[in-house]
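Subject: Structure for you to look at

Hello,

Here is the structure I promised you. Please open it and keep it beside this email as you read.

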Amino acid sequence: MSFNPLQERGIPLDKQLRNWRELNVTPIDPDHSDPYTRCRIIAMNGIEVEAILFSHQFNRHCPDPAVKQQLARVRYIEAQQQKAVNWLLPGLASVLETTIAYEQVAVDLTAWVARMEPDPYLK
């Protein structure tokens, strides 16, 4: 089973708003979850943060007020989504554990990109 985002219908922004109860997610238990769950959460959090930063930058360069208003609504939803993803990580990890987890994500993503690169010179 694969996910193709181009074939999926989107959810209207008005139906994506969350209240505090829905944002209050239960963090993963690092002792009883898949070892790569933490890596997946970190990668997804990074994607969400980059989406927010891109939207801020796009907003700064957009002259149309209607587009800016819609971007603000999207950014608000994306910020809620990023919080929900980020709060899946337990707050018990030390700075060293967090650093190692981020390095694991970087190494794994780099290895995946290298495996998927069709050009042998770039690989």
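First, the ground rules. This is a predicted model, in which local features need pLDDT of at least 70 and side-chain atom pairs count only at pLDDT 80 or more, while totals for chains, interfaces and linings use all residues. Residues are numbered from 1 along each chain as its sequence is written, and side-chain values use heavy atoms, with hydrogens and water left out.

Two packed helices are described by the angle between their axes and the distance between the axes. Helices here are DSSP runs (H or I, at least four residues), numbered from the N terminus. Axes are lines fitted to C-alpha atoms over the stretch in contact, and angles run from 0 to 180 degrees between N-to-C directions.

Start with helix 2, residues 37-60, and helix 3, residues 65-86. They pack at about 160°, and their axes are 9 Å apart. The two helices are therefore roughly antiparallel (the term for angles over 145 degrees). Their crossing is left-handed (the near helix is turned anticlockwise from the far one by less than a right angle).

Which residues of helix 2 meet helix 3? Among them are Ile41, Met44, Val49, Ile52 and Phe58. On the helix 3 side, the contact includes Val67, Leu71, Arg75, Ala79 and Val85. Contact means heavy atoms within 4.5 Å. By class, this contact has 10 nonpolar, 7 polar and 4 charged residues. Nonpolar means Ala, Val, Leu, Ile, Met, Phe, Trp, Tyr, Cys and Pro; charged means Asp, Glu, Lys and Arg; the others, Gly among them, are polar.

Helix 2 with helix 4

Now turn to helix 4. Helix 2 packs against helix 4 at about 75°, with the axes 9 Å apart. That makes the two roughly perpendicular (65 to 115 degrees). Helix 2 brings Arg38, Cys39, Ile42, Ala43 and Asn45 to the contact. Helix 4 brings Thr98, Ala101, Tyr102, Gln104 and Val105. The classes are 6 nonpolar, 3 polar and 1 charged.

Aromatic pairs

How many aromatic pairs does a search of the whole structure find? It finds 2. Rings of Phe, Tyr and Trp (its six-membered ring) pair if their centres lie within 6.5 Å; planes under 30 degrees apart count as stacked.

Trp20 and Trp87 are stacked, at 6.4 Å centre to centre and 20° between the planes. This pair links distant parts of the chain, 67 residues apart. Trp20 sits in helix 1, and Trp87 in the loop between helix 3 and helix 4. Trp20 is exposed, at 63% relative accessible area. Trp87 is partly exposed, at 35%. Exposed means over 50%, buried under 20%, and partly exposed in between (1.4 Å probe, protein chains only).

Phe54 and Phe58 are stacked too, at 6.2 Å centre to centre and 5° between the planes. They are 4 residues apart in helix 2, so about one helical turn separates them. Phe54 is exposed at 59%, and Phe58 is partly exposed at 39%.

Two single residues

Thr99 lies in helix 4 and is partly exposed at 40%. Its C-alpha atom is 19 Å from that of Glu50, 49 residues apart along the chain.

Arg60 is in helix 2 and is exposed at 59%. The C-alpha atoms of Arg60 and Ala43 are 26 Å apart, with the two residues 17 apart along the chain.

Best wishes

Methods:
Parallel < 35°, antiparallel > 145°, perpendicular 65-115°, else oblique. Phe/Tyr/Trp six-rings, centres within 6.5 Å; stacked < 30°, edge-to-face > 60°.
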